[in-house]
Amino acid sequence: MQSRCDIAGVVFEDTIRRIYRDKITDDDKGKQIEDLINALARQSVITGQQSKQAKVAAHVRAKATHALWDEFDLAGVEATIQITKCFLREHLGG
C-alpha cells in the first residue's frame with residue numbers, strides 16, 4: 001500500500017499544480033496544495049464537491065509523505081486515485 005499511496009499522492013499534487021498553472025497562473029511555487037485547491041474552487045474551475053474531495057486527497061498525500069500510515073486507509077487512497085483521474089479527464093485531456 002505504501003508505494004501505491006506515495007505514487008497516488010505525487011500524481012494528485014502534480015495534477016492540481018498543472019491545472020492551477022493552466023487555468024489560473026503559472027506561479028504555483030511555494031504555494032500549499034490546499035491554497036491551490038481553494039483558488040481553483042473560487043474561480044469555478046472545480047466544483048465545491050470536487051474541492052472537498054481534493055482536500056481529502058491532499059490529506060492522504062500529506063500523511064503518506066510523512067509515513068503516517070495509521071492516519072488514512074486504502075479507501076482514502078482509492079478516492080485520491082479517482083479524483084485525480086476525474087481532474088485529468090476534465091482539465092488536462094487525460
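**Notes on the predicted model**

1. Histidine 91 lies in helix H4. The model is a predicted one, and the placement of this side chain deserves a look. Histidine 91 has a relative accessible area of 13% and is therefore buried, the cut-off being under 20%. A polar atom of its side chain lies 3.4 Å from the backbone oxygen of valine 45. Apart from neighbours within four places in sequence, histidine 91 is in contact with Ile19, Asp22, Lys23, Val45 and Ile46.

2. On confidence, the chain has a mean pLDDT of 90, and 96% of its residues reach 70 or more. Among the elements of the chain, the highest mean pLDDT belongs to H2, at 97, and the lowest to H1, at 89.

3. Helix H4 covers residues 74–91. The buried residues of H4 are Gly76, Val77, Thr80, Ile81, Ile83, Thr84, Cys86, Phe87 and His91. After H4 comes glycine 93, with a positive phi near 70°.

4. Helix H3 runs over residues 48–65. With 18 residues at 1.5 Å each, H3 should span 26 Å; its end C-alpha atoms are 25 Å apart, which agrees. Buried in H3 are Gln50, Ser51, Ala54, Ala57, Ala58, Val60, Arg61, Lys63 and Ala64. The list takes in charged residues, Arg61 and Lys63. Alanine 67 follows H3 and has a positive phi, near 55°.

5. Glutamine 50 belongs to H3. Is glutamine 50 buried or exposed? Its relative accessible area is 9%, so glutamine 50 counts as buried. The glutamine 50 side chain reaches the backbone nitrogen of threonine 47 at 2.9 Å. Residues up to four places away in sequence aside, glutamine 50 touches Ile83, Cys86, Phe87 and Glu90. Of these, Ile83, Cys86 and Phe87 are among the buried residues of H4.

6. Valine 56 lies in H3 and, at 46% relative accessibility, is partly exposed. Glycine 76 is placed in helix H4 and is buried, with a relative accessible area of 11%. Valine 56 and glycine 76 are 20 residues apart in sequence, and their C-alpha atoms are 7.5 Å apart. Valine 77 is 21 residues from valine 56 along the chain, with 9.6 Å between the C-alpha atoms.

7. Helix H2 spans residues 33–42, and its buried residues are Ile33, Leu36, Ile37, Ala39 and Leu40. Viewed down the axis of H2, these buried residues fall within an arc of 160°, so they line one face of the helix.

8. Serine 44 sits in the loop between H2 and H3. What is the phi of serine 44? The value is near 60°, positive in a residue other than glycine. Serine 44 is exposed, with a relative accessible area of 62%.

9. The largest nonpolar core has 17 residues, and those with the most contacts inside it are Phe12, Ile16, Ile33, Ile37, Leu40 and Phe87. Helices H1 (2–23), H2, H3 and H4 each give two or more residues to this core. Which of them gives the most? H2 does, with five residues. Isoleucine 37, one of the residues with the most contacts in the core, is in contact with Phe12, Ile16, Ile46, Ser51, Ala54, Lys55 and Ala58, leaving aside neighbours within four places in sequence.

Notes:
Residues numbered from 1 in each chain as written. Predicted model: local features only at pLDDT ≥ 70, side-chain atom pairs only at ≥ 80, totals over all residues. Heavy atoms only, no water. Helix = DSSP H or I, 4+ residues; strand = E, 2+ residues; numbered from the N terminus. Buried < 20%, exposed > 50% of the residue type's maximum accessible area, 1.4 Å probe, protein only. Polar contact = N/O pair within 3.5 Å; in protein donor to acceptor, adjacent residues only side chain to side chain. Contact = heavy atoms within 4.5 Å. Core = buried A, V, L, I, M, F, W, Y, C linked by side-chain atoms within 4.5 Å. Expected span 1.5 Å × (residues − 1). Arc of directions from axis to C-beta. pLDDT = per-residue confidence, 0-100.
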